[in-house]
Amino acid sequence: MEDLKLELKKNIIEVLNLEDISLEDFGDNDSLFGDGIGLDSIDALELIVMLDKDYGIRLSDPKEGKKIFESIEVMAAYIAEHRTK
Amino acid sequence: MSKGVAITGMGIISSIGKTVEENFHSLINKTPGISTIDGITTVHKDKIKVGEVKITNKELCNFLKLPTTNNYSRTAMLGEIAAKEAVKNAGITEINSCKTGLISSTSVGGMDLTEKYYYSQFEETENRRFIESHSAGDSSTKIANSLGITGFVSTISTACSSAANAIMLGARMIKAGKLDRVIVGGADCLSKFTINGFKTLMILSETNCRPFDADRTGLNLGEAAAFLVLESEECVKRDHKKVLGYVSGYANANDAFHQTASSKDGEGATLAMKKALKVAGLTPEEIDYINAHGTATENNDASESAAIRRIFGENLPSISSTKAYTGHTLAAAAAIEAVYSVLALQNNTVFPNLNFETPISETNIIPETEVIQKELNHVLSNSFGFGGNCSTLIFSKA
Amino acid sequence: MSEKFYIQKYCTIKNNVVSVNGIEVFKAEISDKKEFFKSVYQFLDIKYSKFFKMDNLSKLAFLSAEFLLDEDVSEEKNTAIILSNNASSLDTDRKYQDSINDSENYYPSPAVFVYTLPNIGIGEISIRHQLKSENGFFVFDKYNASFHFNYEQSLLQNNKSDSVLAGWVNIDGDSYEAFLYLISEKGEFEHTENKLKQLYNT
């Protein structure tokens, strides 16, 4: 699980161009949207593409993403359970 | 207070008709032009509905009598058909008899050809000509050349508000005496680029779109072209032109909120409507009908409804979005809806907002769902584009 | 009603050099345009992480505007934005097309798609400086001083805006070029078509 969380952080920083955030600053429980890491609605859509591309998980409703992308911790748990890649 | 700038001609081609008359008939007969896509092979074929012009490129080519070695994109062909209808409708025989310009708009440009031929052009050099027509200015140049326009030509590319901005600029240039006559509007065709792009934003509906409905699920993309001919008072008098209507108000503002989403309280939209009313010298009560942007996305309809309430309060005019007929035709949207606004004024008819059942609870706006006959003097048309670009036009009866 | 207006400030970004009012303020021998824009951002020392999400064209427009507009958003400024270029959003269009080319590895990018319009950069400047005034983007063969002069002069004379941020922002392949200027009631150079042409060509 720790490996997956680190992998997620690295991917998110790269895919979403989060050049201002270092791996060390990226807490497992920081909220990804709003006041924490500060992602927006387009970032959410990119994460949906990432879920499909890297982990073979397809979300059809963008609203599902809201719960899954709460934090790295929540995201990793979801991916571990549902991944097909 | 001046009446505004005179509209002396209109032309349109959309999924509900090849001419102004055909479009009008579809509108009053409640016949939408939304279907599954035929002209483009896409993996999303069964998952989307579009407002497609059911005429192949070959047929468009033949209709325009283009030489076989042409490099017209579908956008350019649709645009030229509509522009020619507008010029004919305005009774223009000598295009340069007064200072005449063309302001067109597009978002897709020649992408439909580029996505087909980009890779093959490296070996098949005869396909290179298709890449040359990629740029946004290409269709404008082609249309201007086909009409024989030697004056001012420009292209506006501000997404879904482009044609409104073209109409606005045209009206201003006439008022400022920079032009005596101007053909204004826009054109956009369907392409894989846009279909895939909007799909990835997850704002496309799998069914016929439902503007302003609480259960709306997104937009239908469409393709179309439309142009208006605007003329100065002197030209109208000199040539005894029939005036179809007036562009009496216009404005543009930026929402300054997000690259693509609109703010919750519709700030940009509110500012645009407010300023347009000021330019027209009208109060909100004097607007009889709003042809809304109404794309049927969750975001736009909520934001636009909030803005409408902010301006009109409890005294709402008739409201409808005609995108359930044509789909969202991107840069051409404001132009086709300008034609529909003028048709509404000429015929004292409000066109229905199809597929509506339940209002959005926060704003409780109930659009017209039937064809309504009522006296119309002023129609307000909204068009909001990505990049926070919000434009409003007001059309008044001749 | 013929009031005079002035070019308060102008900024040029091209060939690895940033100049403000004709004076070089930053230079970096970096051939990759993305990296060069990053170095300009770092030179400006602003904390605006959204910068990194933008496409190259929006970055170029944003950076040029940063040298001309001040950071204070406490009072709403009635500043219109009128930009133009020749290549529209071609640089980003190509990038987006790449993400949908391979039918085996097919993952269209929403974050790239939203920038496949040349006016998004105006949106970014508007968001940063909270500018809600009129804005437009035009496509021309080359910088059209006559068109720009007439449009901007008209906005100011008719009190549609108090100031105008305008100019040319173009990216095509590896080459990039920005010529942005702020016009208002005061400034060093009188706002005339000839002056615009002259400043653009230096």
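Biologist: How many residues does the contact take from chain C, and how many from chain A?

Modeller: The contact takes eight residues from chain C and nine residues from chain A, where two residues are in contact if their C-beta atoms, placed from the backbone, lie within 7 Å. By class, the side of chain C that touches chain A has five nonpolar, two polar and one charged; here Ala, Val, Leu, Ile, Met, Phe, Trp, Tyr, Cys and Pro count as nonpolar, Asp, Glu, Lys and Arg as charged, and the others, Gly among them, as polar. This is a predicted model, in which local features need pLDDT of at least 70 and side-chain atom pairs count only at pLDDT 80 or more, while totals for chains, interfaces and linings use all residues. Residues are numbered from 1 along each chain as its sequence is written, and chains are lettered from A and ligands numbered from 1 in the order in which they are written.

Biologist: How many residues does the contact take from chain B and from chain C, and which element gives the most to the side of chain B?

Modeller: That contact takes 34 residues from chain B and 33 residues from chain C. The elements that give two or more residues to the side of chain B include helix H6 (136-147), strand S4 (153-156) and helix H8 (192-200), and H8(B) gives the most, with four residues. Helices (H or I, at least four residues) and strands (E, at least two) are DSSP runs, numbered from the N terminus. The side of chain B that touches chain C divides by class into 11 nonpolar, 19 polar and four charged residues.

Biologist: Why is H6(B) called largely enclosed?

Modeller: A residue is buried if 20 or more other C-beta atoms lie within 10 Å of its own, exposed if 12 or fewer, and partly exposed in between, with C-beta atoms placed from the backbone. Nine of the 12 residues of H6(B) are buried, so this helix is largely enclosed by the rest of the structure. The buried residues of H6(B) pack against helix H3 (74-89), strand S3 (100-105), S4 and S5 of chain B, together with S5 of chain C.

Biologist: What makes S8(B) largely enclosed, and with which strands does S8(B) pair?

Modeller: 10 of the 10 residues of S8(B) are buried, so this strand is largely enclosed by the rest of the structure. S8(B) pairs in the antiparallel sense with strand S1 (residues 5-13) of chain B over three bridges, where B:Ala6 stands opposite B:Tyr246. S8(B) also pairs in the antiparallel sense with strand S14 (residues 389-396) of chain B over eight bridges, and there B:Ile394 is the bridge partner of B:Gly249.

Biologist: How do you know that the reach of H7(B) is close to the expected value?

Modeller: The expected span is 1.5 Å times one less than the number of residues; for H7(B), with 14 residues, 20 Å is expected, and the helix reaches 20 Å from its first C-alpha to its last. H7(B) is also mostly covered, since 13 of its 14 residues are buried.

Biologist: At what angle do the axes of H7(B) and H13(B) cross?

Modeller: The axes of H7(B) and helix H13 (residues 333-347) of chain B come within 5 Å and cross at roughly 65 degrees, where axes are lines fitted to C-alpha atoms, for helices over the stretch in contact, and angles run from 0 to 180 degrees between N-to-C directions. The residues of this contact divide into seven nonpolar, one polar and no charged.

Key: Two strands pair if DSSP finds at least two bridges between them.
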